Amino acid sequence: MPSFRAQLNITGLKPGNQPEAVMEAAVAAVGSAHIVEANQLDVVAGVPRITVRFTVDANAYAAENRQALQAGANMRHAVEEVATTARLAVLRRSRGKWAPVG
């Protein structure tokens, strides 16, 4: 099964939400349709970035990429309920490296 990563920069927390709600929303959104393999929080150049690694069902290459892009969009939508976001990147594992999708 192809492996993907959705990475989303977080620029702020909306009032009334706890920091853990950001990752919970992201994992729930992706996990509703795909197997979540891992998740992590990094701070890159002072900006928090969440990463959710997941698989999609094997299919035609383009269809797999579409599913991954949709998962990333769903993740962003869910996270924006609790936080403000910036850059979203969806990456595909190919020959030992992560390459942008789309």
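These legends describe close-up views of one predicted model.

Residues are numbered from 1 along each chain as its sequence is written, and side-chain values use heavy atoms, with hydrogens and water left out. In this predicted model, local features need pLDDT of at least 70 and side-chain atom pairs count only at pLDDT 80 or more, while totals for chains, interfaces and linings use all residues.

**View 1. The open sheet has five strands in the order E2-E3-E1-E4-E5, with antiparallel pairing.** Strands (E, at least two residues) and helices (H or I, at least four) are DSSP runs, numbered from the N terminus. Two strands pair if DSSP finds at least two bridges between them. E2 and E5 (97-100) are the edge strands, each pairing on one side only. On average, neighbouring strands are turned by 30 degrees against each other, direction ignored; axes are lines fitted to C-alpha atoms, for helices over the stretch in contact, and angles run from 0 to 180 degrees between N-to-C directions.

**View 2. E4 and E5 run antiparallel and are joined by four bridges.** Arg 93 has Trp 98 in E5 as its bridge partner.

**View 3. Helix H1 (residues 20-31) lies across E1, E2, E3 and E4.** H1 runs at about 25 degrees to E3. Its buried residues (under 20% relative accessible area, 1.4 Å probe, protein chains only; exposed is over 50%, partly exposed in between) include Ala 21, Val 22 and Met 23. The buried residues of H1 pack against E1, E2, E3, H2 and E4, where contact means heavy atoms within 4.5 Å.

**View 4. Helix H2 (61-79) lies across E1, E3 and E4.** H2 runs at about 160 degrees to E4. Among the buried residues of H2 are Glu 64, Asn 65, Met 75 and Val 79. The buried residues of this helix pack against E1, H1, E3 and E4.

**View 5. The largest nonpolar core has 24 residues.** Such a core is a set of buried Ala, Val, Leu, Ile, Met, Phe, Trp, Tyr and Cys residues joined through side-chain atoms within 4.5 Å. Ile 10, Val 22, Ile 50, Phe 54, Met 75 and Val 79 have the most contacts inside this core. E1, H1, E3, H2 and E4 each supply at least two of its residues, and H1 gives the most, with seven. Ile 50 touches residues including Ile 10, Val 22, Met 75 and Val 79.

**View 6. Asn 9 is found in strand E1.** Asn 9 counts as buried because its relative accessibility is 16%. Among the residues that Asn 9 touches are Val 47, Pro 48, Thr 84 and Arg 87.

Definitions and conventions. Lists of a residue's contacts leave out its neighbours within four places in sequence.
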